[in-house]
Amino acid sequence: MPSAARRQYDGNIRHFTAATSRGWPPNPLPAAPAAAALGLPPAGQVRAQVFQNAICNWRCWYCFVPFALLSGNPQRSAWFTVGGLVDAYLAGQDPPPVLDLSGGQPDLVPEWVPWTLRALADRGVGHVYVWSDDNLSNDYFWRHLTGAQRELVATHPRYGRVCCFKGFDAESFAFNTRAAPELFDRQFELFARLLATGMDLYAYATFTVPSADRIGAKMARFADRLQQITENLPLRTVPLKIEVWGPAAPRISPARQQALTVQAEAVAAWNAEIETRFTEADRHRPVSEITLRPGRQ
Ligand code: SF4
């Protein structure tokens, strides 16, 4: 395990907002869980300090990070200690309430999260919500962390993780990530395993695929699989609309252009599944109040 991790320190402050496009569900992440954890009024948006690790094991065509920043390129990144990052964040003017450990794939350096939680505690900081992304691709959380580190991450009251399902079936997963299609199934296994630790989990899903063939049936199957993990998981799952800008623009092929259109049909199918499977009261419950396991909240 490295004593420090390669990070792209870009000093980004990001404003997360719940507003999305017409036809797409709002995105309350991470504003809602952060507000709940920090005892603040419900918020439609939140400011976050974003740190990015400069490496990812996938290459999603719609990724808004230039691929040159996903390869641990020493010309485009630098090494920082976790304590150094936390100090830089706290030294900023009006530090945001959320510290977002992003990427790349943060869990390629799984110690990043527990070391950050520990660094904040060591500095007596109790008013920060830590949020991290996970592309559900590896088991380093179990392979490389100690039991005490896993316990810290899984039970910390001001930490939440969003796991991203890269598609709604093996075909869309492989189309989006260029990874082997069988790794789509592994995403569910990893989510279930993380959930069993007690960690406060949320999910994103991307719905880009070149063909709308049988999309209703495929989306129903996706919702089934989420519910096989835990009944209410679809209510903690936020579909993300893929939009093309910046680094993604040169990667657009005819099939990808088509996928940008098809995702509107896909999200309509998703919305129909949610309406069928959950009551109106459930659908309007704040995302952080959705129970993912009996007796959790
Ligand atoms: S998993 Fe995330 S960081 Fe990695 S290529 Fe895909 S969108 Fe980009």
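Before I go on, a quick word on what we're looking at. This is a predicted model, where local features need pLDDT of at least 70, side-chain atom pairs count only at pLDDT 80 or more, and totals for chains, interfaces and linings use all residues. Residues are numbered from 1 along each chain as its sequence is written, and side-chain values use heavy atoms, with hydrogens and water left out.

The ligand takes up the space of the largest pocket. A pocket, on a 1 Å grid over the protein atoms alone, is an open set of points where a 1.4 Å probe fits, with protein on both sides within 12 Å along at least five of seven lines. A molecule sits in one if more than half of its atoms lie within 2 Å of the grid points.

Glycine 104 belongs to the loop between strand S4 (98-102) and helix H3 (112-122). Helices (H or I, at least four residues) and strands (E, at least two) are DSSP runs, numbered from the N terminus.

There's another cis bond, from leucine 29 to proline 30, with omega near -5°. Proline 30 is in the loop between strand S1 (5-17) and helix H1 (31-38). Then comes H1, where Ala31, Ala32, Pro33, Ala34 and Ala35 are buried, meaning under 20% relative accessible area, with exposed being over 50% and partly exposed in between (1.4 Å probe, protein chains only). Their cover includes strand S2 (45-53), S4, strand S5 (129-134) and S7. Just after H1, glycine 39 has a positive phi of about 70°.

Now the inside. The largest nonpolar core has 69 residues, and Phe165, Phe191, Phe207 and Phe222 have the most contacts inside it. Helix H9 (residues 254-277) gives this core its largest share, eight residues. A core here is a set of buried Ala, Val, Leu, Ile, Met, Phe, Trp, Tyr and Cys residues joined through side-chain atoms within 4.5 Å. Leaving aside neighbours within four places in sequence, phenylalanine 222 is in contact (heavy atoms within 4.5 Å) with partners including Phe165, Phe184, Phe207 and Trp270.

Finally, some arginines. Arginine 256 sits in helix H9 and counts as buried, at 18% relative accessibility. Its C-alpha is 7.9 Å from that of threonine 208, 48 residues apart along the chain. Beyond four places in sequence, arginine 256 is in contact with Trp61, Phe175, Arg178 and Arg251.

And Arg178, is that one buried or exposed? Exposed, with a relative accessible area of 63%. Arginine 178 has a positive phi of about 65° although it is not a glycine, and its place is the loop between helix H6 (170-177) and helix H7 (183-196). Arginine 214 also has a positive phi, about 50°, and is exposed, at 56%.

Notes
1 Å grid on protein atoms, 1.4 Å probe; cavity = no way out; pocket = protein on both sides within 12 Å on 5 of 7 lines; lining within 4 Å.
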